[in-house]
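Please open the structure in your viewer and keep the selection tool at hand. The stops below say what to select next and what is there.

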Amino acid sequence: MPTREEMADNRWLAPIAHRFLSPELWRFTRRSVPRGVSLGLFCGFIIPFGQIFLAGFLALPARANVPLAALVTFVTNPFTFPFWLYVANLVGRFTLKIDAATGGLANAQLSGERGQWFAQLFETAGVTAFGFLVLAIVSAAVGYVLSSFIWRGLVARRRARRLKRMEASLDQRLRKDVP
């Protein structure tokens with residue numbers, strides 16, 4: 001991941017550098033973290049290529065954490081893409097129930113082996129694309145809720161530790177003051 005300084009010097013980012021390099025987009029806050037996770041998951045599933053750049057640019061109006069949005073898109077990488085392709089096809093078929101509704105009718109209307117192959121390919125591609133859309137929407141929503149709860153838990157635990165340290169420090173000072 002390039003640093004903020006490298007991005008500021010990039011000529012392609014010059015027109016939007018003042019917005020893109022805003023410190024609020026690079027901080028980890030309770031609002032920007034869930035937004036970044038959600039946006040990264042959505043972009044990771046919605047398009048197979050260029051998802052990091054899309055997540056980075058969509059983080060601007062959403063005020064999401066840019067590095068986190070870019071990092072979460074790696075859930076769909078070249079190694080896991082075949083798995084997600086299969087899952088998207090299953091989700092699409094389950095959601096649309098396309099086999100029961102149109103499978104027999106489409107095959108009966110097309111004659112010849114090439115026509116049936118083309119119809120089956122088009123049907124599978126459409127079902128898989130719809131499955132990716134469903135995965136993008138559902139994973140973004142689940143990712144937002146989950147990361148929000150995890151973030152709040154981490155912050156609460158960190159605060160509790162800090163309070164314990166402060167209490168222990170105060171107890172030590174009070175013991176020293178008592179003769």
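How far apart do the end C-alpha atoms of residues 130–155 lie, and what percentage of the span is helix? Select that span: its end C-alpha atoms lie 37 Å apart, and it is 100% helix and 0% strand, where helices (H or I, at least four residues) and strands (E, at least two) are DSSP runs, numbered from the N terminus.

This is a predicted model, in which local features need pLDDT of at least 70 and side-chain atom pairs count only at pLDDT 80 or more, while totals for chains, interfaces and linings use all residues. Residues are numbered from 1 along each chain as its sequence is written, and side-chain values use heavy atoms, with hydrogens and water left out.

Next, select Thr128, which lies in helix H8 (residues 113–177). Thr128 is buried, with a relative accessible area of 10% (buried means under 20% relative accessible area, exposed over 50%, partly exposed in between, with a 1.4 Å probe and protein chains only).

Then select Phe45 in helix H3 (residues 32–46) and Trp84 in helix H6 (residues 81–96), a pair that ties together parts 39 residues apart in sequence. Rings of Phe, Tyr and Trp (its six-membered ring) pair if their centres lie within 6.5 Å, and planes under 30 degrees apart count as stacked, over 60 as edge-to-face and the rest as tilted. The rings of Phe45 and Trp84 have centres 4.9 Å apart and planes at 80°, so the pair is edge-to-face. Phe45 is buried at 4%, and Trp84 is buried at 18%.
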